[in-house]
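Please look at the sequence and the structure before reading on.

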Amino acid sequence: MAGAYLDISLTIEGLDRAGITAVFNLYKEPFLATVKGALCNELWVHVEDVRILHGFHSLEDAQSYLVSKLFNTDFMTSLKPYLIGNPN
């Protein structure tokens with residue numbers, strides 16, 4: 001069981017769900033294989049938004065991921081073309 005979760009909500013155009021799914025699938029395995037304390041990574045698609053849930057062993061692991069290259073440079077940069085506004 002995870003000790004901490006990072007829940008990111010993304011507002012996107014309806015047709016861009018396929019793009020978000022492709023980005024999620026591209027980075028899911030590197031997240032699970034390389035991020036310290038990573039336990040799970042899920043994509044939740046809703047009518048009003050898309051949510052990505054990351055599970056970690058600890059709050060410290062989640063905070064470290066938020067400042068990592070994988071999150072900021074790779075994952076978030078790949079998501080930008082699909083986003084309306086900023087992630088929550």
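## The aromatic cluster

Y27, F31, F56, Y65, F71 and F75 form one aromatic cluster. The model is predicted, so local features need pLDDT of at least 70 and side-chain atom pairs count only at pLDDT 80 or more, while totals for chains, interfaces and linings use all residues. Residues are numbered from 1 along each chain as its sequence is written, and side-chain values use heavy atoms, with hydrogens and water left out.

Rings of Phe, Tyr and Trp (its six-membered ring) pair if their centres lie within 6.5 Å; planes under 30 degrees apart count as stacked, over 60 as edge-to-face and the rest as tilted. By this rule there are six aromatic pairs. The rings of Y27 and F75 have centres 6.0 Å apart and planes at 80°, so this pair is edge-to-face. Y27 belongs to helix 1 and F75 to helix 3, so the pair ties together parts that are 48 residues apart in sequence.

Buried means under 20% relative accessible area, exposed over 50%, and partly exposed in between, with a 1.4 Å probe and protein chains only. Y27 is buried at 14% relative accessibility, and F75 is buried at 3%.

## Contacts of F75 and H54

Contact means heavy atoms within 4.5 Å. Leaving aside neighbours within four places in sequence, F75 is in contact with V23, F24, Y27, I52, H54, Y65 and L70.

H54 is found in strand 3. Is H54 buried or exposed? H54 is buried, with a relative accessible area of 0%. With neighbours within four places in sequence again left aside, the contacts of H54 include A4, Y5, L6, I8, F31, C40 and N41. Y65 and F75 are also among the residues in contact with H54.

## Helix 3 and the segment after it

Helices (H or I, at least four residues) and strands (E, at least two) are DSSP runs, numbered from the N terminus. Helix 3 covers residues 69-79, and its buried residues are L70, F71, D74, F75, M76 and L79. Against which elements do the buried residues of helix 3 pack? They pack against strand 1 (4-10), helix 1 (17-34), strand 3 (50-56) and helix 2 (59-66).

P81 lies in the segment after helix 3. P81 is exposed, with a relative accessible area of 61%. P81 and T11 are 70 residues apart in sequence, and their C-alpha atoms are 12 Å apart in space.

## The whole protein

The protein has three helices and three strands, and along the sequence they follow the pattern β-α-β-β-α-α. The radius of gyration is 12 Å, close to the 12 Å that the globule rule gives for 88 residues, so the protein is as compact as a globular protein of that length. This radius is taken over C-alpha atoms, and the globule rule is 2.2 Å times the number of residues to the power 0.38. Along the principal axes, the C-alpha atoms fill a box of roughly 35 × 25 × 20 Å.

Buried residues make up 41% of the 88 residues. Among contacts between residues at least 6 apart in sequence, 63% join residues at least 24 apart. The accessible surface comes to about 5,100 Å², and 57% of this belongs to carbon and sulfur atoms. Accessible areas come from the Shrake-Rupley method with a 1.4 Å probe; for residues, only the protein chains shown count as cover.
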